[in-house]
Each structure stands twice: as C-alpha cells, then as structure tokens.
Amino acid sequence: MNELKDIFTSYWNYLPLAKACKWNVFDSILEGFHTEELVAQKMGWELNATSHFLSTLEYLSVLHKVDNKYRLTEKGMVLTESHPKSLKYACILWSEEHLNSWQNMETTLKTGQPSFESLYGHKFFDYISSDKDKLKIYHKAIAEYARDDYEKIADLIDLSPYGVIMDLGGGIGELLHHIRIKFPSKRLILFDRKEVLEISRYSDIEVLEGNFFSDIPRVADCIFLSRVLHDWNDQDAKRILHNVNICLPEKGSLIIVENSIDQENLPATLNLNMQIMTGSHERTEKEFRNLLEESSFTISEIYSLNSLLKILLCQKK
Ligand SMILES: C[S@@+](CC[C@H](N)C(=O)[O-])C[C@H]1O[C@@H](n2cnc3c(N)ncnc32)[C@H](O)[C@@H]1O
C-alpha cells in the first residue's frame with residue numbers, strides 16, 4: 001500500500017527538480033548563491049517558500065546543507081549546465097508539453113490521436129520548431145539521453161567501408177559528433193529540418209536541410225535513422241523507409257537505432273507516451289521485421305546498445 005501511496009505523489013519529487021533545472025537554481029548554487037537568503041534574493045522569491053523549496057531539494061539528495069550553506073551533491077552536480085554528463089535538459093523535458101499532454105490523456109484514450117495535438121493545435125515537431133527555446137530544450141534533452149549510447153556506436157558497427165554517412169532526422173548532430181571522433185575525415189551529413197540545423201553545434205559536420213517525406217538526396221551509401229521511426233505510425237514510417245530505399249545505392253546500408261524489445265519486457269509507459277505525444281508506439285523486433293520487409297529491406301544484423309536500445313543493420317532487398 002505504501003508503494004501505491006508513493007506513486008500518488010511522485011510528481012512532488014520530480015517537479016521541484018525540473019523547475020530548479022529550468023530556473024538555473026543548481027547553476028546559481030554552483031556559482032555561490034548558497035544560502036536561503038542569497039537564493040531568495042537572486043530568484044526574487046519569498047524567504048519561507050524558498051526555504052521549503054531548498055529543503056525539498058535536500059530531501060531529494062541533490063543538495064546538502066552545512067553551516068547554513070547549500071552545496072550540490074554529486075547528483076545535484078549532474079543537473080548543472082557545465083557538467084560533462086549533464087542531465088539538466090533531460091530533466092526539464094517532461095515537465096512542459098509532455099506533462100500537459102499527459103494531463104489530457106483522455107483525448108488520446110477516446111480517439112487514439114495524440115492529446116498533444118488537440119492541446120497545442122500542431123504536430124509535435126511542427127510545434128517545437130516554431131520556438132527556438134523549446135527546440136533547444138528538446139534537442140539538448142534528447143542528446144543528453146543518447147550521449148552514452150552514441151559514444152559506443154562507431155565501435156560496435158564497422159562504418160569504415162562507407163564513403164558518405166548521412167543521419168536522417170539527426171537532430172543537432174549528437175550521433176555524427178561521436179562518429180566524427182572515430183572518423184576525422186569521413187564525409188558526414190546531418191539531414192533535418194531547417195530550424196533544427198540552425199541550432200546544431202558541430203561545425204565539422206555538413207548539414208542538409210530537407211523533409212524525409214519528400215526529398216532525400218542521393219548522396220550517402222550509409223543512412224542512419226536513429227530514434228526517428230518511433231515518432232511515426234506504420235503508414236508514415238513506410239513512407240520514410242520507401243524514400244530511404246530509393247536514395248540508397250545497391251550495396252548501401254540503412255542503420256536503425258530504436259527501442260526494441262519483446263513487448264512483455266518493454267516499460268508500458270514508453271508506448272503510452274508515444275501515443276500521447278505523436279500517435280505512434282515503440283516497435284518489437286517482429287514489428288520491425290514486418291515493417292522493413294514491406295519496405296524492401298532485410299535486417300542483416302542486430303546489436304544491443306543497452307537493455308532497450310537496439311541497432312538494426314539493414315540492406316536493400
Ligand atoms: C526524436 S528526434 C531524433 C533526433 C536524433 N536522431 C537523435 O537521436 O538525437 C526526431 C528528429 O526528426 C526530425 N524530423 C521530424 N520530421 C522531419 C521531417 N519531415 N524531415 C526531416 N527531419 C524531421 C526532428 O526535427 C528531430 O530532429
């Protein structure tokens with residue numbers, strides 16, 4: 001029963017962390033705003049409420065208080081902007097449009113359509129592209145989530161035979177950045193929407209703006225689709241795969257990186273989240289095989305990155 005009661009108030013734990021990240025509280029404490037008075041002054045907050053907020057962060061083990069001064073714990077450091085393994089934006093991500101969409105999940109349950117779209121009036125990627133701050137939070141967050149896995153990809157798969165590698169829907173270039181470290185002189189192309197390319201931070205990666213539903217240029221013999229297909233239902237995913245198939249040369253490869261696992265082991269909340277946000281779901285290995293078969297690809301190898309994330313190496317049929 002206590003386990004149930006803890007679930008009821010789990011947002012009491014998450015939201016103070018997310019808000020503290022959003023308002024740069026951990027960064028400010030790192031800079032020396034370490035007493036309740038200094039934090040209240042810096043933020044323009046009421047002192048008693050600030051005290052409860054900071055005690056909550058201490059209860060959550062991200063701060064500790066010694067001699068009336070708050071310090072960051074090791075966990076708290078990870079929520080600062082400058083930490084090399086920072087999870088600041090990954091923490092913020094779920095407190096904004098995601099949280100509002102989950103609050104409105106009955107729309108999804110009644111219609112099967114994303115409650116995000118009924119709430120915000122646009123498809124997810126169109127909506128965040130219209131606001132640079134939202135776009136930056138989203139892309140920094142998903143790059144933080146993938147960083148440790150993307151570090152491993154170039155060691156796990158032999159990418160040396162390929163002349164040109166293009167990452168379709170590659171976001172701000174986190175994956176290609178790690179491939180660049182292993183292949184300093186290979187031609188690497190980041191393909192995404194114009195607004196996303198504008199906030200990409202890697203100057204040693206070529207960028208190509210476009211729409212993978214219409215115009216994928218025939219320039220690469222290796223194409224990555226990483227955490228892209230799970231945003232789309234089968235009909236849209238087939239349209240993307242069809243375009244990839246057309247633009248790849250005969251011996252070219254498609255490399256898909258996605259959450260994929262037997263359905264019984266998949267955290268069910270992942271599927272509910274995708275349905276609420278984009279009207280799609282994570283696919284099992286069997287669902288991927290069917291989808292790829294219908295799109296004229298065969299899977300030649302499957303690699304595991306972690307318990308959920310898999311790499312499917314595919315060839316044109
Ligand atoms: C979930 S993100 C994955 C980003 C990146 N592959 C990664 O793993 O970090 C999906 C990406 O697809 C891009 N995208 C969405 N619709 C697109 C379209 N029609 N054409 C090209 N890119 C698109 C988004 O801008 C976003 O960068």
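Which helices each supply at least two residues of the shell around the ligand? They are α12 and α13. Before I go on, two notes on the numbers. Residues are numbered from 1 along each chain as its sequence is written. This is a predicted model, where local features need pLDDT of at least 70 and side-chain atom pairs count only at pLDDT 80 or more, while totals for chains, interfaces and linings use all residues. As for names, helices (H or I, at least four residues) and strands (E, at least two) are DSSP runs, numbered from the N terminus.

Back to the ligand. It is surrounded by 19 residues, and the closest are Phe125, Gly169, Gly171, Phe212 and Arg227. A residue is near a molecule if its C-beta atom, placed from the backbone, lies within 6 Å of it. By class, the shell around the ligand holds 9 nonpolar, 5 polar and 5 charged residues. For the classes, Ala, Val, Leu, Ile, Met, Phe, Trp, Tyr, Cys and Pro count as nonpolar, Asp, Glu, Lys and Arg as charged, and the others, Gly among them, as polar. Helix α12 gives the largest share of that shell, 3 residues.

Now the helix pair itself. Helix α12 (residues 132-156) packs with helix α13 (residues 174-182) at an angle of about 30 degrees, and their axes are 8 Å apart. So α12 is roughly parallel to α13. Angles under 35 degrees count as roughly parallel, over 145 as roughly antiparallel, 65 to 115 as roughly perpendicular and the rest as oblique. The axes are lines fitted to C-alpha atoms, for helices over the stretch in contact, and angles run from 0 to 180 degrees between N-to-C directions. On the α12 side, the contact residues include Ala143, Tyr150 and Ile153, and on the α13 side they include Leu175 and Ile179. Contact requires C-beta atoms, placed from the backbone, to lie within 7 Å. This contact of α12 with α13 has 7 nonpolar, 1 polar and 4 charged residues.

Helix α4 (residues 36-43) and helix α5 (residues 47-59) cross at roughly 110 degrees, and their axes come within 9 Å. That makes α4 roughly perpendicular to α5. In this pair, Glu36, Glu37, Val39 and Ala40 of α4 meet Leu47, Thr50, Ser51 and Leu54 of α5.

Next, the sheet. What is the order of its 7 strands? This open sheet runs β5-β4-β3-β6-β7-β9-β8, with mixed pairing. Two strands pair if DSSP finds at least two bridges between them. At the edges are β5 (206-209) and β8 (297-304), each pairing on one side only. Strands β3 (residues 164-168) and β6 (residues 222-226) run parallel and are joined by 4 bridges. In that pair, Ile165 has Cys222 of β6 as its bridge partner.

Between β8 and β9 lie 4 residues, and the two strands form a hairpin.

Last, another hairpin. Strands β1 (residues 63-66) and β2 (residues 69-72) run antiparallel with 4 bridges. There are 2 residues between them, and Asp67 in the turn has a positive phi of about 50 degrees. That is the end of my tour.

Conventions. Contact = placed C-beta atoms within 7 Å.
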